[in-house]
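Here is a friendly tour of a protein model, written for someone new to reading structures.

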Amino acid sequence: MRIDKFLSECKVATRRESGAAIRRGQVLLDGVAVKRADTQVDPEHCEVVYCGERVFYRRYTYVLLNKPDGYVSATEDARDKTVLDLLPPELRKFDLFPCGRLDKNTLGLVLLTNNGPLAHALLSPKRHVEKVYRFECAHPLGETEIEALQAGVDIGGYVTKPCRIVMQSETSGEITLAEGKYHQIKLMWNAVDNRILYLERIRFACLTLDGLERGAWRMLTDEEIKTLEEMGN
Ligand code: URA
């Protein structure tokens, strides 16, 4: 790959800015100043320094976010704030989008990426990727309702797949799903004449919030990326 393309893919500089930095001798390839913008680099193995900063090549970017109430899981919206509004400008350059949707009033874990094929694979019902939600509901859940919810209920022409529910009180607990239909949990509770009052996603695949504050974000670790990419293969 050309070094000016490499720098623009890494969102470090436009190709014009790269050309100017190269002319000033401020782009180093394996310790040597580059003279031409069409110099070839091997992105995985070369060491590139731009204006004194080492540039790390990442084909894709992955951000984990703790969504607050009132934000929509979309890249833009005419009325509401979106989860992308929680990111700093330098991250918004990466064309990230949410991997799956949480309702506007659902809180918690959202994965943002620009890796379309992987997002698609992780959301595919065939992969059975687990999502764990903490819930609170309006009325106590009895054994019969818990069994019905776990076995699968009709949410309007679709019968949900088996899931696991662990109660923490009569009206709260955690549910683990391996699918993700639109408004699924709220519709499941409606199907047993109950109502969800609070919903928070606390796990998606291998990812957990792990102390990340509401409204905060962090980059995924190399290990998390590797695990997700292996799951998507
Ligand atoms: N199920 C719902 O009903 N809403 C969500 O946001 C996620 C799962």
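This is a predicted model: local features need pLDDT of at least 70, side-chain atom pairs count only at pLDDT 80 or more; totals for chains, interfaces and linings use all residues.

## Starting with a definition

## The largest pocket

Let's begin with the largest pocket, which has a volume of about 740 Å³. Its lining is made up of 32 residues. If you want to find the centre, look for R101, G180, K181, Y182 and H183, which lie nearest to that point.

Which elements give two or more residues to this lining? They are α4 (116–123), β10 (131–137), α6 (184–191) and β13 (196–204). The top contributor is α6, with three residues. By residue type, the lining of the largest pocket divides into 15 nonpolar, nine charged and eight polar residues.

## The second largest pocket

Next comes the second largest pocket, with a volume of about 400 Å³. Here 18 residues form the lining, and C10, F56, R58, F94 and M219 are the ones nearest the centre. At least two lining residues come from each of β4 (53–55) and α3 (89–92). The lining of the second largest pocket holds eleven nonpolar residues, six charged ones and one polar one.

## A strand inside the structure

Now turn to β5, which spans residues 62–67. Is this strand buried or exposed? Six of its six residues are buried, so β5 is largely enclosed by the rest of the structure. Its side chains point two ways: Y62, L64 and N66 go one way, while V63, L65 and K67 go the other.

What are the pairing partners of β5? One is β9 (residues 107–113), which runs antiparallel to β5 and is joined to it by six bridges. Within this pairing, V63 sits opposite L112 of β9. Another is β15 (residues 217–219), which pairs with β5 over three bridges, again in the antiparallel sense. There, L65 has W217 of β15 as its bridge partner.

Which of its residues are buried? L118, A119, A121 and L122 are buried in α4. These residues cover an arc of only 165° around the axis, which means that they lie on the same side of α4. The other side of the helix carries P117 and H120, which are exposed.

What do the buried residues of α4 pack against? Their contacts are with β5, β8 (97–98), β9, β13 and α7 (222–232).

## Two residues with positive phi

To finish, look at two residues in loops. K11 has a positive phi of about 60° although it is not a glycine. You can find K11 in the loop between α1 (3–9) and α2 (15–23). With 30% relative accessibility, K11 counts as partly exposed.

The other residue is A205, which is not a glycine either, yet has a positive phi of about 55°. A205 belongs to the loop between β13 and β14 (207–208). Is A205 buried or exposed? Its relative accessibility is 7%, and because buried means under 20%, A205 counts as buried.

Notes. Residues are numbered from 1 along each chain as its sequence is written. Side-chain values use heavy atoms; hydrogens and water are left out. On a 1 Å grid over the protein atoms alone, a cavity is a set of points where a 1.4 Å probe fits but cannot get out, and a pocket is an open set with protein on both sides within 12 Å along at least five of seven lines; lining residues have an atom within 4 Å of a point. Grid points are joined across faces, edges and corners, and a volume is the space filled by probe spheres set on the points. Helices (H or I, at least four residues) and strands (E, at least two) are DSSP runs, numbered from the N terminus. Ala, Val, Leu, Ile, Met, Phe, Trp, Tyr, Cys and Pro count as nonpolar, Asp, Glu, Lys and Arg as charged, and the others, Gly among them, as polar. Buried means under 20% relative accessible area, exposed over 50%, partly exposed in between (1.4 Å probe, protein chains only). Two strands pair if DSSP finds at least two bridges between them. The arc is that of the directions from the helix axis to the C-beta atoms. Contact means heavy atoms within 4.5 Å.
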